Amino acid sequence: MQRYWLILLIGFWLTNPLHAQETATTEWDFAYAGNNLWNPGLQVGYFKHGLSQHQNPIIYQARLGFYVDPQSQFNLFSFAGLQYRASLGQRNHFDIRLSPFGVFRSFYPEAYRVLEGGSAEKIFLPGRWYYAPECSFTFGFKLKNEKINQLYLGPQLIFLLPYDGRVLPILNFQIGLNLNSSNS
Amino acid sequence: MRVLPYAMIILLSLVLACGQSDLSQINETIYLRHNGADMPAYIHGNGSKKVFIIILHGGGSFGLAFRSAAIQEELESRYAVVYWDQRAQSMSQSNQSSDDFSVAQRAEDVGALISLLKTKYGDDSKLFLMGHSWGGTLGTTYLLQPGAQEQLHGWIMADGAYDFPLIVDERYQMLLRVSEDAVPNANPLLEQVWIRLNTDLKSLNQDSIQSNPDLLSPFVVDALKLLQQDDELLPPDNTGVYQSAILQNNPLYWWLNDRRNRPYLDARDDGYALRERLPEISIPSLFLWGRFDFSVPPILGEIALAEQGSTDKTLVILEQSEHLPYLSEPAVFLEEVIAFVERLK
C-alpha cells in the first residue's frame, strides 16, 4: 500500500514539468515547519505554473520535508498537489494548498521485534509508512529583494492513514521564504 | 539545493545512531514492535547495576508522565527506569483497529518488552515491574501468564485497579465513610458541606451506581476539594511532568490516542476482575496506596495484601494522597520503592 503511494508520488514529481505550458515558471521555497511549533522541521517546496500567477492562480506544487519529535522519532514526508493563490492587495496574498498525493515515513532510533522463544532481534531502519495527504493555509507578504520574493506563514495539516485504525492529524506551523521565479 | 539531501542523511544518521555503551547514564528510546504495534520505551537512569524498573502507566496517561523531578532525582540516580507507552497510547503506532487492543494482547506486550530488555541489556538484568492504576490491571494480568513471575525480581502496585466491580462498590462505601468521618473534625465552614454530600450520597440508588459508575464522579470531585480545603490532602507536585507531557512527548498523539482508545473503560464495562486469581501470584510485592484514593479505593490494597499468594508482601498507605501518591508524597513513595528494590535486587 505504501509503495503504491510512493510510486504515485515519485511519478507526480517526475512528470510535473510536463504539466506546464511553454512559458512555464518554477519557484522554490524553504520553510521552517515546526510540529506543534517547537518540534523542529524543515521543508522545501517546488512550484510550477504555466502562466503568470495573477492570470492562473492554481499551480502545481510538491514538497519534501522532515521534522524531529525529540526522544521519539524522525519523520520524513513528501506531498504533491495543487495550490490556489488569492491576492490580497498588491503586496500580499493567501494560499491554500491541497496535496492528495502524500507519503510519510517515521524513523525510530532503535527498534526490536520479539521472536518466538523470547529473544528479540533488532530491526533495520525501523519505522512506519503512512499515506499522508496534506493541506495548508498561509499568508504571504511580498518582499523587495532580488532573490527572495515573499515571506509566508501559516498552519499545515498532515493526515496519517491508517493510524491505529483511524487517522492522525499532525499540525505544523510554517514560516518560509519564496525564492524568485525562474523561467524553464 | 544539493546540500539538502546530504543534510537530511546526516540528521537521520544522528537520530538513528542514538545507542550508547555507557550504562551509568542511559538516555535511550527503544521501540518494541510486537503483533502489529510499535511501542516506545524511554529508558533513563543508571543502568550500571543492571536494575531496571518498568513502569506501566495508568489509564489516559503515558510513559513519560511518570518522569517527575523526584523520580529523576531519586530513582534514576540509582536505577534505570523504563517509561513505556502501551499499545495505542500516546506515541505508540499501529495500523490496527481497536478490536485488537485486548487486555490479553496488552499483557503479552509486557512480556515482549521484558524479552527486549533482557536481549539488549543481558539476561542478568534485574527487572522490577511497577504498575499504577490501569497499569496495576495490566501488571496483574501479565503476572498470571505462565512463566511471567520468573522474569521479575519484584512487583510494585500503586493504586492498582485489578478488580473493577469491586472498585465501583468500594468507591461508594468509601465516599460514605470519608464524608461521615470528616464531619467531627472538619473546618466549621465545611461541616455542612460534608453533611450535604453524605446525604446526597445516601439518596443514590445503589443498583444504578453499579450500572453507571460515573454517577459517583461529581461526589469524588467534591470530596477531594473538601479534603484539600481541610488540609487532609497534599496537592500533587507536577514538577517535570508538564515538560515531559508537552516537550518530550507529543501532546496531540497522546490526546487523540486517549480519546479513541480507553482500555480501562472497556475493562470497567466488561466487569474485568482478577481478585479470585490473586493467590496465584507469589512474587515479592509492594503495594502503595493513597488513603483518599477514590478512583481505586485502598481497600483493594488491603485485599491484595491479604489474598495475594506472595509470602513477601507489604502494603503502605500514604496518608495525605489520593490517586497519585508518587506526585503527592514523592519522598515517602520513593523511599518505600527504593527500600524494596535494594532488598531484592
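**Burial and aromatic pairs**

Reader: Is Gln308(B) buried or exposed?
Author: In this predicted model, Gln308(B) has a relative accessible area of 2%. Since buried means under 20%, Gln308(B) counts as buried.

Reader: How many aromatic pairs does the structure hold, and what is the geometry of Trp28(A) and Tyr46(A)?
Author: Over all chains there are 17 aromatic pairs. For Trp28(A) and Tyr46(A), the ring centres are 4.9 Å apart and the planes stand at 55°, so the pair is tilted.

Reader: Which parts does the pair of Trp28(A) and Tyr46(A) tie together?
Author: The two parts are 18 residues apart in sequence. Trp28(A) belongs to strand 1 (residues 25–35) of chain A, and Tyr46(A) to strand 2 (residues 41–49) of chain A.

Reader: What kind of aromatic pair do Tyr108(A) and Tyr31(B) form?
Author: The pair crosses between chains, with Tyr31(B) in strand 1 (residues 26–34) of chain B. Both Tyr108(A) and Tyr31(B) are buried. With 3.7 Å centre to centre and 5° between the planes, the pair is stacked.

Reader: Which residue lies over the face of Phe107(A)?
Author: The distance to the ring centre is 4.7 Å, within the 6 Å cut-off. The residue is Arg105(A).

Key. Residues numbered from 1 in each chain as written. Chains lettered and ligands numbered in written order. Predicted model: local features only at pLDDT ≥ 70, side-chain atom pairs only at ≥ 80, totals over all residues. Heavy atoms only, no water. Buried < 20%, exposed > 50% of the residue type's maximum accessible area, 1.4 Å probe, protein only. Phe/Tyr/Trp six-rings, centres within 6.5 Å; stacked < 30°, edge-to-face > 60°. Helix = DSSP H or I, 4+ residues; strand = E, 2+ residues; numbered from the N terminus. Lys NZ or Arg CZ within 6 Å of the ring centre and 35° of its normal.
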